[in-house]
Amino acid sequence: MSGETARDLMHAGVRCVEAHETLDRASQMMRDMNVGALPICGSDDRLKGIITDRDIVVKCVAQGLDPSQMTAGDLATGLVWVSSDASVEEALAKMEQNQIRRLPVIEDGRIVGMITEADLARKLSDDKLAEFVHRVYASGG
């Protein structure tokens, strides 16, 4: 992986949910795209955070709140990202340090892709992948 960057590891074509969109709309987008998380972007197309399907369940539905009344921006968390020219090692370190399984990739202030566990499984050696999984899941992250 020497010399490879976050851009080489990521998958492109990430769609954001806008911060003003409701959680029921975010849920529909996740269903339609078959993903468990979406980056949240503002009207300026800048990353505001990430929302997961679990966030919607735990922080909205399980609290008795209405997903048609809460917005993605209300739950925007996890403003952790990596530059597209960062090394693969740097991207993995950010994911491990923050105990996250999805990492937005930013270029010129805009999101250009996302690194997920599936991307890691496709690109990393079995040993490196096992090490990553151990580090991220060992702390219950």
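Me: Let's start with Cys60: is this residue buried or exposed?
Reply: Cys60 counts as buried because its relative accessibility is 0%. Buried here means under 20% relative accessible area, exposed over 50% and partly exposed in between, with a 1.4 Å probe and protein chains only.

Me: What should I know about the model itself before we go on?
Reply: This is a predicted model: local features need pLDDT of at least 70, side-chain atom pairs count only at pLDDT 80 or more, and totals for chains, interfaces and linings use all residues. Residues are numbered from 1 along each chain as its sequence is written, and side-chain values use heavy atoms, with hydrogens and water left out.

Me: Thanks! How many disulfides does the structure hold?
Reply: One. Cys16 is joined to Cys41, S to S 2.2 Å; a disulfide is a pair of cysteine sulfur atoms within 2.5 Å.

Me: And where do Cys16 and Cys41 sit?
Reply: Cys16 is in the loop between strand 1 (11–12) and strand 2 (17–18), while Cys41 belongs to strand 3 (residues 37–41). They are 25 residues apart, so to speak linking distant parts of the chain. Both Cys16 and Cys41 are buried. Strands (E, at least two residues) and helices (H or I, at least four) are DSSP runs, numbered from the N terminus.

Me: Nice. Which strands make up the open sheet there?
Reply: The order is 2-3-4, with mixed pairing. Strand 2 and strand 4 (47–52) are the edges, each pairing on one side only. Two bridges hold strand 2 and strand 3 in the parallel sense, and Val17 has Ile40 in strand 3 as its bridge partner. Two strands pair if DSSP finds at least two bridges between them.

Me: Switching over: what happens between strand 6 and strand 7?
Reply: Strand 6 and strand 7 (residues 110–116) run antiparallel, joined by six bridges. Their hairpin has two residues between the strands, and Asp108 takes a positive phi near 50 degrees.

Me: Last one: how do helix 4 and helix 6 cross?
Reply: The axes of helix 4 (residues 88–97) and helix 6 (residues 126–137) come within 9 Å and cross at roughly 25 degrees. That makes helix 4 roughly parallel to helix 6; angles under 35 degrees count as roughly parallel, over 145 as roughly antiparallel, 65 to 115 as roughly perpendicular and the rest as oblique. Axes are lines fitted to C-alpha atoms, for helices over the stretch in contact (heavy atoms within 4.5 Å), and angles run from 0 to 180 degrees between N-to-C directions.
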